[in-house]
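Student: I have a structure open and a few questions about it. Can we go through them one by one?
Tutor: Go ahead.
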Amino acid sequence: MSLHPQARAYLELYPSDLGVDLGGLGQAEIEQMRAVDGLADRRGPLTRLPFVRDALAGEVPIRVYRADPGDHTLPVIVYFHGGGWVFGSVRRNDALGRDLAVRTSAVVVSVDYRLAPEHPFPAAADDAWTVVRDIFARPAFYQSNGNVAVIGDSAGGNLAAVAAWQARDAGLTLAHQVLVYPITDVAMDTASYREFAKGYGLDAEEMAWFADRYAAEADPLDPRLSPLRLGSCAGLAPATVVSADHDVLRDEGEAYGARLAAEGVAVEVRRYPGTVHGFFGLPGWFDQAEEARAYVAARLRAALEP
């Protein structure tokens with residue numbers, strides 16, 4: 001499948017995700033890049049909601065969104081942002097958190113997990129699990145009706161997948177997991193890594209840099225880092241996997257979906273043709289972001305119905 005015209009236009013401006021010399025990226029430069037969002041106007045509108053609150057789950061900062069003004073209980077969706085475990089924040093993804101709350105009619109909890117390299121593996125995974133546990137432990141605080149789902153994109157998809165198997169192992173039942181072009185294996189040896197190694201937004205070299213910042217000292221087979229290496233996927237939450245056609249992460253995300261299906265987990269895998277990594281978060285650039293969000297929201301609403 002050839003590139004969609006919108007993806008081609010995007011890549012003319014942003015042929016690589018970071019667009020800088022990786023060798024020159026020290027902590028000071030990373031912090032400067034975190035403070036700037038050159039795509040803020042493409043992330044969608046900041047929809048006014050009657051309820052938006054910053055809080056803590058344990059020691060993890062979160063932002064809670066609710067699209068209706070009532071105080072009755074609702075399902076809860078936990079959102080983990082992308083950014084290679086190094087970039088991203090609740091603030092940068094504020095528009096998406098609001099959009100998810102409107103589309104799903106659920107309480108959305110967006111997680112400001114700790115970032116690398118200041119906080120290496122497994123800090124981000126630990127924070128993600130802390131928030132999921134807290135929602136089950138304090139349902140009244142979140143106005144939860146007990147139906148809980150997780151969603152994440154890219155590195156956030158990795159954290160969602162990891163939290164899903166940790167919930168299973170802890171005896172906590174998640175209603176659904178949505179994994180949007182997730183990182184599921186840091187081996188980086190798939191056909192899509194070779195085919196889209198450079199010039200398609202997220203370069204293979206950049207992905208290796210991200211993994212090195214987060215988990216240079218980790219065992220690459222640790223399922224908290226590479227959920228595709230999990231011993232068993234049986235009994236995991238039903239899943240939706242979204243992949244981008246021209247993305248180094250395409251094959252590992254789809255492989256994870258295939259493994260879930262092979263081990264009896266209800267799963268749908270949907271690839272968006274002609275797209276590149278990051279499209280889901282940029283509805284102001286990609287029409288397929290709207291299509292994918294509508295699809296994901298429908299899957300979540302169906303899974304979270306009482």
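Student: Of the contacts between residues at least 6 apart in sequence, what share joins residues at least 24 apart?
Tutor: In this predicted model, 79% of those contacts in the protein chain join residues at least 24 apart.

Student: What radius of gyration does the chain have, and what would a compact globule have?
Tutor: The protein chain has 18 Å. A compact globule of 306 residues would be near 19 Å, so the two agree.

Student: And the spans along the principal axes?
Tutor: The C-alpha trace spans about 50 × 40 × 40 Å.

Student: How much of the chain is buried?
Tutor: Buried residues account for 55% of the 306.

Student: How many helices and strands?
Tutor: The chain has ten helices and eight strands.

Student: Helix packing next. How do H4 and H6 sit?
Tutor: H4 covers residues 123-137 and H6 covers residues 155-169; their axes are 9 Å apart, at an angle of about 55°. That angle makes H4 oblique to H6. The crossing of H4 past H6 is right-handed.

Student: Which residues make that contact?
Tutor: H4 contributes Ala124, Ala125, Ala128, Trp129 and Val132, and H6 contributes Leu159, Val162, Ala163, Gln166 and Ala167. By class, nine are nonpolar, one is polar and none is charged.

Student: What about H3 and H10?
Tutor: The axes of H3 (residues 94-104) and H10 (residues 287-304) come within 9 Å and cross at roughly 50°. H3 is therefore oblique to H10. This crossing is right-handed.

Student: Which residues are involved there?
Tutor: On H3 they are Leu96, Asp99, Arg103 and Thr104. On H10 they are Glu290, Arg293, Ala294, Ala297, Leu300 and Arg301. The contact of H3 with H10 has five charged residues, four nonpolar and one polar.

Student: Changing topic: where is tyrosine 200?
Tutor: Tyrosine 200 is in the loop between helix H7 (191-195) and helix H8 (204-215).

Student: Why does tyrosine 200 count as partly exposed?
Tutor: Because its relative accessibility is 25%, and the partly exposed class lies between the buried limit of under 20% and the exposed limit of over 50%.

Student: What does tyrosine 200 touch, leaving out residues up to four places away in sequence?
Tutor: Tyrosine 200 touches Leu3, Leu11, Pro15, Glu195, His246 and Val276.

Student: And how far is tyrosine 200 from alanine 244?
Tutor: The C-alpha to C-alpha separation is 11 Å, and the two residues are 44 apart in sequence.

Terms used: Residues are numbered from 1 along each chain as its sequence is written. This is a predicted model: local features need pLDDT of at least 70, side-chain atom pairs count only at pLDDT 80 or more; totals for chains, interfaces and linings use all residues. Side-chain values use heavy atoms; hydrogens and water are left out. Axes are lines fitted to C-alpha atoms, for helices over the stretch in contact, and angles run from 0 to 180 degrees between N-to-C directions. Helices (H or I, at least four residues) and strands (E, at least two) are DSSP runs, numbered from the N terminus. Angles under 35 degrees count as roughly parallel, over 145 as roughly antiparallel, 65 to 115 as roughly perpendicular and the rest as oblique. A crossing is left-handed if the near helix is turned anticlockwise from the far one by less than a right angle, and right-handed if clockwise. Contact means heavy atoms within 4.5 Å. Ala, Val, Leu, Ile, Met, Phe, Trp, Tyr, Cys and Pro count as nonpolar, Asp, Glu, Lys and Arg as charged, and the others, Gly among them, as polar. The radius of gyration is taken over C-alpha atoms; the globule rule is 2.2 Å times the number of residues to the power 0.38. Buried means under 20% relative accessible area, exposed over 50%, partly exposed in between (1.4 Å probe, protein chains only).
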